[in-house]
Amino acid sequence: MDGQHVSGAEALVRMLALHEVEVLFGLCGDTSLPFYDALARLDHGIRHVLCRDERSAGYMADGYARVTGKVGVCEGPSGGGATYILPGLVEANESSVPVLALTTDVAVSARGRYTLTELDQEALFRPATKWNRMLDRAEDLPRVVRAAFAQMATGRPGAAHVGVPYDVQLGAVGAGELWADKTFARYPAHRAAPDPAAVAALARLVAQAERPLLVCGGGVVIAAAEAALARLAERVGAPVATTISGKGAIGDGHPLAVGVVGTNGGTPPTRAIVADADLVVFVGCRAGSVTTERRRFPAPGGARIGHIDVDPAVIGVNYPTDAAVVGDARLALEALDAELAGIGARPGRRTAVERAVASAKEEKFAAFRRLAESPDAPIKPERLVADLQAVCPPDAILVADPGTPCPYFSAYFTQAAPGRRFISNRAHGALGYALSAAVGAQFGRPGAKCVAVMGDGSFGFTVGEFETVLRHKLPITFVVVSNATYGWIKAGQRAGFDRRYFSVDFERTDHARVAAAYGLRSWSVSDPAQLRAALAEALAHGGPTLVDVIAQPLHEAAAPVSEWVA
Ligand SMILES: Cc1ncc(C[n+]2csc(CCOP(=O)(O)OP(=O)(O)O)c2C)c(N)n1
């Protein structure tokens with residue numbers, strides 16, 4: 001290209017660097033050759049992490065974005081690559097995590113000619129993204145990339161897709177078009193303040209309530225509103241419950257922290273606190289089926305409902321709402337706190353509430369401890385949680401797969417300080433998430449210990465990515481809950497279909513040997529007495545490790561899943 005122009009591929013690399021992208025997760029393909037060549041030739045400071053499956057690239061970008069507060073970026077080629085990258089975008093978009101997927105594509109000039117890998121990629125990504133464009137001309141590229149970042153990082157954060165055909169990568173872009181607003185490299189960019197009148201109305205509701213409760217979703221952590229939340233809860237003397245994605249909104253050591261509520265990770269003592277409230281304020285939370293136990297807790301028509309969310313569309317969907325505040329969670333909580341400061345708190349209430357919260361937690365953890373101390377084999381999930389908690393550094397990042405890991409670790413694994421230290425894919429709960437999300441999290445927080453707790457079903461979905469882990473010498477500890485069954489579904493067959501078990505069991509894999517073949521240090525543990533020492537050794541080892549835990553299957557366990565509790 002001449003001095004005033006660069007190629008579309010070069011422009012793409014420059015635009016990513018201008019948006020402060022540091023890590024790019026992806027997998028090569030024929031239609032991506034110009035893009036890869038630009039990555040090879042230019043001096044850009046972006047680290048490319050080659051994956052073994054585009055699904056993993058999507059989940060890595062998601063894990064990276066969750067722990068850094070930055071946009072996560074993944075890339076894959078046309079056709080098969082584009083279809084494989086989709087799950088990560090769906091999860092990120094529905095979980096309000098900004099992830100950009102770049103796909104390359106057959107040339108615009110080759111469209112409609114039965115060209116190998118041709119697919120309508122714009123249509124493919126439409127329901128999975130907040131913002132989605134296929135480029136037809138190179139000159140549009142800088143503007144489209146800027147728009148993608150602005151869309152992902154503002155309002156309710158979400159996923160974006162930009163498709164870059166082969167000839168667009170070769171086309172010319174004016175060098176003067178290469179600029180970026182770095183504000184959009186991080187989320188939430190441009191926080192939106194709430195309407196003061198709406199804040200005043202919610203404050204009146206809170207002030208009138210006898211037993212207010214805050215139920216916090218992922219929006220609180222996404223908005224970094226943890227300190228504002230704690231101040232408000234303390235002023236009002238309100239217990240704080242969270243969804244699974246909202247874990248970290250408040251430190252578990254806080255005397256007002258109830259823990260996770262809902263069908264998955266909720267327990268009868270914590271549910272009782274929801275049932276008892278006369279006002280439930282959802283904060284950064286969609287009040288969906290899992291959190292509300294399919295709209296039974298709180299019961300519609302029972303408690304009054306307040307709702308704070310950056311997305312006006314979620315308000316009033318599942319509950320008639322008495323007071324709604326639309327805006328950034330941190331600004332809204334700060335405004336509500338300031339408004340309530342004028343009204344005045346109720347003396348004495350906080351102490352009584354803290355006592356009730358402490359006794360609910362004591363009841364919940366007493367039942368847990370009885371099982372966690374059991375010497376029985378196969379190893380109970382409770383024992384695994386307790387032993388991992390005992391040896392895990394407090395600032396570790398824990399990523400939990402669906403199946404046994406999600407309900408058990410969301411219910412019983414505690415983090416003393418607030419902030420994002422727990423990750424689970426709660427939008428779609430697709431198997432095979434934790435390994436890759438932990439890789440992304442490790443790139444995002446290189447100094448932190450990352451632990452991925454996997455189901456053996458999930459292991460089968462994603463095992464190939466251990467090569468990536470080894471290639472990058474990532475010191476992640478993987479823990480596999482080995483029960484030789486799709487246990488979550490088997491537990492559903494037990495609870496709801498009279499134990500007619502059908503097509504849910506599979507052969508046991510020796511996960512430790514598989515991991516060893518990939519070059520990881522590994523342990524296999526079937527004796528409960530040896531579990532803690534094996535976990536401690538694995539965590540202390542400097543490189544990647546895996547502990548295979550021969551575990552009690554979920555359908556025989558006392559899982560904190562309300563549908564299975566008689
Ligand atoms: C991609 C995908 N397919 C199917 C499901 C449905 N599903 C939910 S949990 C589960 C079983 C999980 O099995 P495993 O990973 O072995 O963990 P376990 O429940 O046995 O602890 C299945 C199949 C899913 N969540 N994701």
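The crossing of helix 1 and helix 6 is right-handed. A crossing counts as right-handed if the near helix is turned clockwise from the far one by less than a right angle, and as left-handed if anticlockwise. Helices here are DSSP runs of H or I with at least four residues, strands are runs of E with at least two, and both are numbered from the N terminus. The model is predicted, so local features need pLDDT of at least 70 and side-chain atom pairs count only at pLDDT 80 or more, while totals for chains, interfaces and linings use all residues. Residues are numbered from 1 along each chain as its sequence is written, and side-chain values use heavy atoms, without hydrogens and water.

Two packed helices are described by the angle between their axes and the distance between the axes. Helix 1 spans residues 8-18 and helix 6 spans residues 141-153. Their axes lie 10 Å apart, at an angle of about 30 degrees. Helix 1 is therefore roughly parallel to helix 6. Axes are lines fitted to C-alpha atoms, for helices over the stretch in contact, and angles run from 0 to 180 degrees between N-to-C directions. Angles under 35 degrees count as roughly parallel, over 145 as roughly antiparallel, 65 to 115 as roughly perpendicular and the rest as oblique.

A second pair is formed by helix 14 (residues 381-391) and helix 21 (residues 528-540). These pack at about 40 degrees, with axes 9 Å apart. Helix 14 and helix 21 are therefore oblique to each other. Their crossing is right-handed.

Some backbone features fall in loops. Glu 20 is not a glycine, yet has a positive phi of about 60 degrees. Glu 20 sits in the loop between helix 1 and strand 2 (23-26). Phe 297 and Pro 298 are joined by a cis peptide bond, with omega about 0 degrees. Pro 298 belongs to the loop between strand 12 (279-283) and strand 13 (304-309). Another cis peptide bond links Ala 377 to Pro 378, with omega about -5 degrees. Pro 378 lies in the loop between helix 13 (349-372) and helix 14.

A polar backbone atom of Gly 487 is 2.7 Å from an oxygen atom of the ligand. The protein covers 77% of the 580 Å² of accessible area that the ligand has on its own.

Methods
Polar contact = N/O pair within 3.5 Å; in protein donor to acceptor, adjacent residues only side chain to side chain. Areas by Shrake-Rupley, 256 points an atom, 1.4 Å probe, with all protein chains shown as cover.
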